[in-house]
Amino acid sequence: MANTSALINVMTAAARKAARHLVRDFGEVENLQVSRKGPADFVSTADRKSESILHAELKKARPGYGFLMEEGGVIEGSDSSNTWIIDPLDGTTNFLHGIPFFAISIALERDRDLFAGVVYEPITDQMFWAEKGQGAHLNGRRLRVSARRELADSLFATGIPFKGSFKNEHFVRQLDAVMQEAAGVRRLGSASLDMAYVAAGRFEGYWETGINAWDIAAGVVLVREAGGFVTEIDGGRDFLTNQNVVAANPFMHGPLGDLLRAAPNAAE
Ligand code: IPD
């Protein structure tokens with residue numbers, strides 16, 4: 001069992017505290033499905049409550065650090081080298097529909113580099129964490145990306161654009177290219193977990209376009225520390241800003257990227 005640093009202890013404790021509330025609220029969501037309006041307002045309150053718990057816990061432990069949060073946006077800290085990047089409920093649509101696949105995602109960016117990440121899946125009590133140079137871990141077990149080297153054996157995860165969030169035709173062409181070669185493609189609905197599952201060797205790779213920094217920042221540390229590669233689809237390193245990412249084991253990162261780059265954009 002790996003020893004966790006004080007930093008990881010702070011992050012996992014905050015995630016567990018917020019998760020207790022999310023799990024309680026998730027129990028309520030099922031009851032609200034039958035109401036005409038559905039549980040939308042209730043879920044956004046749960047999302048904001050999770051964020052305010054994470055903010056309070058992390059601020060108490062590291063008072064000077066800044067924040068980038070899905071709901072609250074940017075909060076500058078007095079220590080400009082350290083910023084928490086937080087998604088308090090990744091998989092909101094699943095949560096809203098009573099599907100028990102969602103996570104809390106917390107990353108620490110230090111000196112403009114992603115330094116530590118925690119992704120916690122409350123329903124199955126899976127705590128993924130990684131810290132630069134310390135490896136990636138799941139509930140005390142060291143993680144490695146998978147060793148599969150063939151597209152035909154590989155299972156990939158992705159996100160499907162919704163409400164016009166990305167050019168749909170381009171996505172369909174990317175999907176078409178990958179599904180013709182791969183063993184399968186999954187859309188599970190939580191980007192941080194998609195990446196944690198790449199780190200755990202469950203998926204060979206993951207890609208998404210139109211994705212936000214808070215959805216992937218912690219997953220980036222997990223995949224890298226588990227021995228995988230993370231870039232933009234064109235190979236660039238600015239995935240947090242440019243909102244597209246491909247993360248995979250070292251054998252599949254190139255072939256998956258090649259398929260995605262070859263998929264023509266609708267505008268071309
Ligand atoms: C969403 C999930 C989903 C991804 C979307 C994200 P949210 O995050 O991570 O898997 O496909 O792009 O917006 O809204 O549940 O925090």
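This is a predicted model: local features need pLDDT of at least 70, side-chain atom pairs count only at pLDDT 80 or more; totals for chains, interfaces and linings use all residues.
Salt bridges, by contrast, number 0 across the interface of domain 1 and domain 2. On the side of domain 1 that touches domain 2, the elements giving two or more residues are the strands β1 (65-69), β3 (79-90), β4 (103-110), β5 (113-121), β6 (126-131) and β7 (135-138). Strand β5 provides the largest share of this side, namely 8 residues. By residue class, the side of domain 1 that touches domain 2 is made up of 20 nonpolar, 8 polar and 8 charged residues.

Contact between them draws on 36 residues from domain 1 and 25 residues from domain 2. The size of an interface is often given as the accessible area lost when the parts come together. For domain 1 and domain 2, the buried area is about 2,200 Å², and carbon and sulfur atoms give 66% of this area. Of the area that domain 1 buries against domain 2, 26% is supplied by D90, F101 and L114, more than by any other three residues.

Although the interface of domain 1 and domain 2 has 0 salt bridges, the overall count comes to 8 salt bridges. One of these joins D125 to R16, with 3.1 Å between the closest N and O atoms. D125 is located in the loop between β5 and β6, whereas R16 belongs to helix α1 (residues 6-32), so the pair ties together parts that lie 109 residues apart in sequence.

At the level of the whole protein, the secondary structure comprises 8 helices and 13 strands. The radius of gyration of the protein is 18 Å, close to the 18 Å given by the globule rule for 268 residues, and the protein is therefore as compact as a globular protein of that length. Along the principal axes, the C-alpha atoms of the protein fill a box of roughly 50 × 45 × 35 Å.

Definitions and conventions: Residues are numbered from 1 along each chain as its sequence is written. Side-chain values use heavy atoms; hydrogens and water are left out. Contact means heavy atoms within 4.5 Å. Buried area is the accessible area (1.4 Å probe) that two parts lose on being put together, summed over both. A salt bridge is a side-chain nitrogen of Lys or Arg within 4 Å of a carboxyl oxygen of Asp or Glu. Helices (H or I, at least four residues) and strands (E, at least two) are DSSP runs, numbered from the N terminus. Ala, Val, Leu, Ile, Met, Phe, Trp, Tyr, Cys and Pro count as nonpolar, Asp, Glu, Lys and Arg as charged, and the others, Gly among them, as polar. The radius of gyration is taken over C-alpha atoms; the globule rule is 2.2 Å times the number of residues to the power 0.38.
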